[in-house]
Amino acid sequence: MAGSQDQLEIKFRLSDGSDIGPKSFAAATSIATLKENILAQWPKDVESGPRTVKDVKLISGGKILENNRTVGECQSPLFDLPGGVTTMHVVVQPPTMEKDKKVASEAKQSKCFCVIL
């Protein structure tokens with residue numbers, strides 16, 4: 001019985017309302033590992049999917065979960081429901097920072113100068 005308490009049923013709710021899972025995870029599973037699992041199971045027909053773990057934010061109980069924490073450390077009282085499935089919300093961070101870096105790099109290479117009066 002102790003082994004079953006260390007396993008948590010989790011499903012991941014995507015922004016379009018669809019789910020990945022539910023799947024059983026050990027309480028010692030890191031949040032980064034959950035994100036890797038999400039990347040591996042992400043629907044292939046969705047264009048705006050994450051490319052790396054850094055693009056994914058997991059939210060549970062109204063809190064953004066940190067990669068270095070474990071599922072057990074992030075437990076809320078709702079995890080204690082027998083036979084219950086916990087839903088974590090998945091937010092894909094837009095790749096705007098990469099675009100901003102590219103624009104800044106191009107601006108440095110540009111020979112144009114602007115004077116604002």
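Predicted model: local features only at pLDDT ≥ 70, side-chain atom pairs only at ≥ 80, totals over all residues.
Q: Is the pair of Phe12 and Phe25 stacked or edge-to-face?
A: A pair of rings is described by the distance of the centres and the angle of the planes. Here the ring centres of Phe12 and Phe25 sit 6.0 Å apart, with the planes at 70 degrees. Planes over 60 degrees apart count as edge-to-face, so the pair of Phe12 and Phe25 is edge-to-face.

Q: Which parts does the pair of Phe12 and Phe25 tie together?
A: The two residues are 13 apart in sequence. Phe12 belongs to residues 7-13 and Phe25 to residues 19-26, so the pair ties together strand 1 and strand 2.

Q: Is Phe12 buried or exposed?
A: Anything under 20% relative accessible area counts as buried. Phe12 has a relative accessible area of 1%, so Phe12 is buried.

Q: Which strands are the edge strands of the sheet?
A: The open sheet has 5 strands with mixed pairing, in the order 2-1-5-3-4. An edge strand pairs on one side only, and that picks out strand 2 and strand 4.

Q: What is the bridge partner of Ser60 in strand 4?
A: Strand 3 (residues 56-60) and strand 4 run antiparallel, joined by 2 bridges. Strand 4 covers 63-64. The partner of Ser60 there is Lys63.

Q: Which element of the chain has the lowest mean pLDDT?
A: Across the chain, the mean pLDDT is 79. Helix 2 (residues 31-41) has the highest value among the elements, 94. The lowest, 50, goes to helix 1.

Definitions and conventions:
Residues numbered from 1 in each chain as written. Heavy atoms only, no water. Phe/Tyr/Trp six-rings, centres within 6.5 Å; stacked < 30°, edge-to-face > 60°. Helix = DSSP H or I, 4+ residues; strand = E, 2+ residues; numbered from the N terminus. Buried < 20%, exposed > 50% of the residue type's maximum accessible area, 1.4 Å probe, protein only. pLDDT = per-residue confidence, 0-100. Pairing = 2+ DSSP bridges.
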